[in-house]
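Look over the sequence and the fold, then read the points below.

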Amino acid sequence: MTTITWEDFEKVDIRVGKIIEAEEFSEARNPSYKFSIDFGPEIGIKKSSGQFVKAYSNEDELVGKLVLGVVNFQPKQIGPFLSESLTLGIRNEDGFWIFVIPDKNVPLGGRLG
């Protein structure tokens, strides 16, 4: 495990967002979704993708879901898609990616700290 300083951690901007669009990312190497995520008025809407297909098989169930995402990474080209944020997840016991979500109602754009 690599040790980082508090200053290093403060550089990572992790915010609460709400998925407003989800669609299959058929061009991805691994089964994935493409998302539009609303991170509130300060950040706005950012695009992201993630391999959450095995845990969430219906795109419609994702719309409206609160998630956590890193909003200050450089955009990353993933095939034909430009990802602007990293949607955070943890692998479950079956190896499927599960969203990291707040357990209470929090404002869009709320910063993890």
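A residue counts as buried when its relative accessible area is under 20%. By that cut-off, strand β4 (residues 66-70) is mostly covered, with four of its five residues buried. The model is predicted. It holds an open sheet of five strands, paired antiparallel, in the order β3-β2-β1-β4-β7.

**The edges of the sheet**

- β3 (45-50) and β7 (86-87) stand at the edges of the sheet.
- Each of these two has a single partner strand, so one side of each is left without a neighbour in the sheet.

**How the strands are joined**

- Strand β1 (residues 14-24) runs antiparallel to β4, and five bridges join them.
- Lys18 has Leu66 in β4 as its bridge partner.
- On to the next pair: β4 and β7 are joined by two bridges and also run antiparallel.
- There, Val70 has Leu86 in β7 as its bridge partner.
- Strand β2 (residues 33-38) is joined to β3 by six bridges, again antiparallel.
- Ser36 stands opposite Lys47 in β3.

**Lys47 in β3**

- Lys47 has its place in strand β3.
- Its relative accessibility is 33%, so Lys47 counts as partly exposed.
- The side chains of Lys47 and Ser36 are joined by a polar contact of 2.8 Å.
- Beyond its neighbours within four places in sequence, Lys47 is in contact with Phe35, Ser36, Phe81, Leu82, Ser83, Glu84 and Ser85.
- Arg29 is 18 residues from Lys47 in sequence, and the two are 18 Å apart in space, C-alpha to C-alpha.

**Ser49 in β3**

- Ser49 also lies in strand β3.
- Is Ser49 buried or exposed? Ser49 has 14% relative accessibility, so it counts as buried.
- Leaving out residues up to four places away in sequence, Ser49 touches Phe25, Tyr33, Lys34, Phe35, Ile78, Phe81 and Ser83.

**Points to take away**

- Within the sheet order, β3 comes next to β2, and β7 comes next to β4.
- β4 has bridges to β1 and to β7.

Methods. Residues are numbered from 1 along each chain as its sequence is written. This is a predicted model: local features need pLDDT of at least 70, side-chain atom pairs count only at pLDDT 80 or more; totals for chains, interfaces and linings use all residues. Side-chain values use heavy atoms; hydrogens and water are left out. Two strands pair if DSSP finds at least two bridges between them. Buried means under 20% relative accessible area, exposed over 50%, partly exposed in between (1.4 Å probe, protein chains only). Contact means heavy atoms within 4.5 Å. A polar contact is a pair of N or O atoms within 3.5 Å; within protein, one must be able to donate a hydrogen and the other to accept it, and residues adjacent in sequence count only if both atoms are side-chain atoms.
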